[in-house]
Amino acid sequence: MKVGKDLMAASAAPLVLAILAEGESYGYAIVRRVRELSDGELEWTDGLLYPLLHRLEDAGHVSSRWGVSDTGRRRRYYEITDRGRSELAEHRRQWAAVAAALQAAWHGLGDAVDGTMRPGLAL
Amino acid sequence: MSAPDAGVEAEIARWRAYVLGRGSVSTADADELEDHLRGHLEHLVASGLSEDEAFLVAVKRMGSQSDVAREFARQHQRRLWRELVLDGGAARARGGLAAVLGFGSAAGLAARLGWALGGGEHPQDGFLLGIPLVLGVVAAFLWWRRGSSPRVLAAIGGIAAALASLGLAYPFDGATDTAVLMALHMLMAMWLTVGFAYAGGHWRSHAARMDFIRFTGEWAIYMFLIAAAGGALIGVSLAVFEGLGIDIADALLTWVLPLGMGGATVVAAWLVEAKQEVLEAIAPVLTRVFTPIATLAVVAMLVAAVASGGFEESRESLIAVDVLLVVVLGLVLYSLSALPPDAPAGWTDRMQLALVIAALLLDLAALAAMATRIVDLGLTPNRLATLGMNLVLVANLAVTAVLYASRTVRNGPLAPLQRWQTRYVPVFGVWAVTVAVALPPLFAFA
């Protein structure tokens, strides 16, 4: 299965915010965490994460600082801000609404599908 | 974990140079991407891949360079309106045609009110009331579009009301020099209030100020277009109705003109945001066309000043030079706002530098003429205001020239210049308010 481009784009910001809500992190670790959380179903183009992070920073949802990695490289660390947390809460409300609606819609559909798959019972 | 071998190291360097070559990716961005690439490399090597293989996989995962570069470009050139209009999020721009018509009518009526007052015993009341009211409505329109907090509206209303009541309270004897000066500086202060509303109250933000500078230029272009078209229409109407034997000049002047002018301020503000793409494409072209022409003109003036032995001690020369400096600053601001912060230095920068230096030299000549005049005849409100404005502009342009020079020499980024200009914006506000409030009583409302 491959998650569609639009869905991936829509879920990117809430995912990043949620991961940063777990604690300060940096780009590569965020990408790995996404892969871990989605069991490899969400395959991001790694390079596109950074423009997203910078957009979130411009919007005041995350803040960043330059630090040094264990191996001595310059590394940029990101941290969620208070505004980012309230944005994340808003994302959660919206996604919950979407997920609930889909769930309800598919519940009805599921019965219909089941019905056609078991003609014996229908007769 | 050991560092990658020399071959892979060279590959990384090449990859980095290629990423940077895209223009939209800054060195800091490249550092960040490189850290990512190396992190991934280490991880892949640790899980058993050879370094060459790991490099290929890591680069592939990074994504197509043009895609990445395009996303970075999008992020850098991101404008406030895009965030507000397209990216969704908390704040969404409101306002369809109904809002434009509503606020436009309000601005038109405000202008008409000023017009009516100006026709009475106190002609100065017309603009002293009309300016804060009309621009107050423009600011309120932007406030409404942004859906900003009531505090922003309260601030807009407070500033407009304070300026308007002060204008009415000052005992001017007709449209005196100080009354005209107060109106001009009120215009400047009110325009910055519009900026406050434009930024949705976040007036400290560098990005919001840059967007407002852009907005100002585009608003002026739309106002000019509307005025040109409206003026032509009024002219044709006058001619046709005159042919029909009906005199409509009075109706046009007392109703159509003020209502139209007032309404146009709101419509132009709306057009800037709604039809953004149109001007976004034109603005950089306009700057590139006008910068060389303006540079030529200023250099010609400079040559003339040297040839003629400097300015005559005329009243208007410093005002003319002030206006010229405003035009030069406008061109500088416009070209700065049209470029991404990491655009490489080019011939336009050298041209801007020449333009600013020529304008400063010309100003020096005018100031020299002015100094003797002030010593001989003393200070008048006009001289004080033009001199003060001149200093405000010169301080800005002098630092601009230094920053442009260091940019062209070192091929540095545009960001310091843009920061300087956005930081300077409040200076204009402080000066405008000071003159509007303090100058009239200082000179006994003469």
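Two residues are in contact if their C-beta atoms, placed from the backbone, lie within 7 Å. That cut-off applies to the contacts named in these legends, which describe a predicted model.

**View 1. Contacts of B:V138.**
Neighbours within four places in sequence are left aside here.

**View 2. The largest nonpolar core.**
This core holds 92 residues. B:V137, B:V138, B:V328 and B:A359 are those with the most contacts inside it. Helix α7 of chain B, residues 123–146, supplies the largest share, 14 residues. Domain 2 (80–274) and domain 3 (276–413) of chain B both give residues to the core, so the core lies between them.

**View 3. Helices α7 and α8 of chain B.**
The axes of α7(B) and α8(B) come within 8 Å. They cross at roughly 175 degrees. Angles over 145 degrees count as roughly antiparallel, and α7(B) and α8(B) are therefore roughly antiparallel to each other. From α7(B), the contact includes B:L128, B:L129, B:P132, B:L133 and B:W143. From α8(B), the contact includes B:L153, B:I156, B:A160, B:L163 and B:L168. By class, the residues of this contact divide into 14 nonpolar, three polar and one charged.

**View 4. Helices α8 and α9 of chain B.**
Helix α8 spans residues 150–169 of chain B, and helix α9 spans residues 177–198. Their axes come within 10 Å and cross at roughly 175 degrees. That makes α8(B) roughly antiparallel to α9(B). On the α8(B) side, the residues that meet α9(B) are B:V152, B:A155, B:I156, B:I159, B:A160, B:L163 and B:G167. On the α9(B) side stand B:M182, B:M186, B:A189, B:M190, B:T193, B:F196 and B:A197. The contact of α8(B) with α9(B) has twelve nonpolar residues, two polar ones and no charged ones.

**View 5. B:A155 in helix α8.**
B:A155 lies in helix α8 of chain B. Burial takes 20 or more other C-beta atoms within 10 Å, and exposure takes 12 or fewer. B:A155 has 19 such atoms within 10 Å, so B:A155 is partly exposed. B:A155 and B:G201 are 46 residues apart in sequence. In space, the two are 9.1 Å apart, C-alpha to C-alpha.

**View 6. Where chain A touches chain B.**
Here 18 residues of chain A are in contact with 22 residues of chain B. On the side of chain A, the elements giving two or more residues are α2 (27–37), α3 (49–58) and β3 (74–80). Of the elements, α3(A) gives the most, with five residues. This side of chain A has five nonpolar, six polar and seven charged residues.

**View 7. The fold of chain A.**
Chain A has five helices and three strands. Along the sequence, they follow the pattern α-β-α-α-β-β-α-α. Chain A has 123 residues, and buried residues make up 24% of them. Consider the contacts in chain A with a separation of 6 or more. Residues 24 or more positions apart account for 48% of those contacts.

Notes: Residues are numbered from 1 along each chain as its sequence is written. Chains are lettered from A and ligands numbered from 1 in the order in which they are written. This is a predicted model: local features need pLDDT of at least 70, side-chain atom pairs count only at pLDDT 80 or more; totals for chains, interfaces and linings use all residues. A nonpolar core is a set of buried Ala, Val, Leu, Ile, Met, Phe, Trp, Tyr and Cys residues joined through C-beta atoms within 7 Å. Helices (H or I, at least four residues) and strands (E, at least two) are DSSP runs, numbered from the N terminus. Domain bounds come from an automatic or database domain assignment. Axes are lines fitted to C-alpha atoms, for helices over the stretch in contact, and angles run from 0 to 180 degrees between N-to-C directions. Angles under 35 degrees count as roughly parallel, over 145 as roughly antiparallel, 65 to 115 as roughly perpendicular and the rest as oblique. Ala, Val, Leu, Ile, Met, Phe, Trp, Tyr, Cys and Pro count as nonpolar, Asp, Glu, Lys and Arg as charged, and the others, Gly among them, as polar.
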